[in-house]
Amino acid sequence: MASKPNKKVVSKESSVKKTPSAEFEEEIDALDEPSPTKISRYHKVIEHIFLSKFRRGAVTVEFGREELKSACESLGINVVKNIGDLVYTFRYRQELPKSVLTRTKE
């Protein structure tokens, strides 16, 4: 009996062979990245909260989920549906806005 060869998925963009699991991982990574529009909204919200709460010499600026929603409303932008993603974005994916970073170096 002849054994069946292992099937591999070949991307149309390149001749590099990818296993189905590797292709799936790339799709997941692409979904993980927030859109530029989201980033812009996220920047506005986190900047608004930071600038309203920051005090010179402070080591931390604490805020809650409700404050994130209130900031959206104050700025006149749609409330972020996944509030946790806003915090996650700045913790793991993106740098904080420059207006925040410059004040943290003081």
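Mentor: Two residues are in contact when heavy atoms of theirs lie within 4.5 Å. The model is predicted, so local features need pLDDT of at least 70, side-chain atom pairs count only at pLDDT 80 or more, and totals for chains, interfaces and linings use all residues. Residues are numbered from 1 along each chain as its sequence is written, and side-chain values use heavy atoms, leaving out hydrogens and water.

Trainee: Which residues does valine 45 touch, not counting residues up to four places away in sequence?

Mentor: Valine 45 touches Leu68, Ala71, Cys72, Leu75, Ile77 and Leu86.

Trainee: Which residues make up the largest nonpolar core?

Mentor: A nonpolar core joins buried (under 20% relative accessible area, 1.4 Å probe, protein chains only) Ala, Val, Leu, Ile, Met, Phe, Trp, Tyr and Cys residues through side-chain atoms within 4.5 Å. Here the largest has twelve residues: Tyr42, Val45, Ile46, Ile49, Leu68, Ala71, Cys72, Ile77, Val80, Ile83, Leu86 and Phe90. H2, helix H3 (65-75) and H4 each give two or more residues to this core, and H2 gives the most, with four. Helices are DSSP runs (H or I, at least four residues), numbered from the N terminus.

Trainee: Is serine 52 buried, partly exposed or exposed?

Mentor: Partly exposed lies between buried and exposed, the latter being over 50%. Serine 52, found in helix H2, is partly exposed because its relative accessible area is 42%.

Trainee: How far is serine 52 from alanine 71 in space?

Mentor: From C-alpha to C-alpha, serine 52 and alanine 71 are 10.0 Å apart, while 19 residues apart in sequence.
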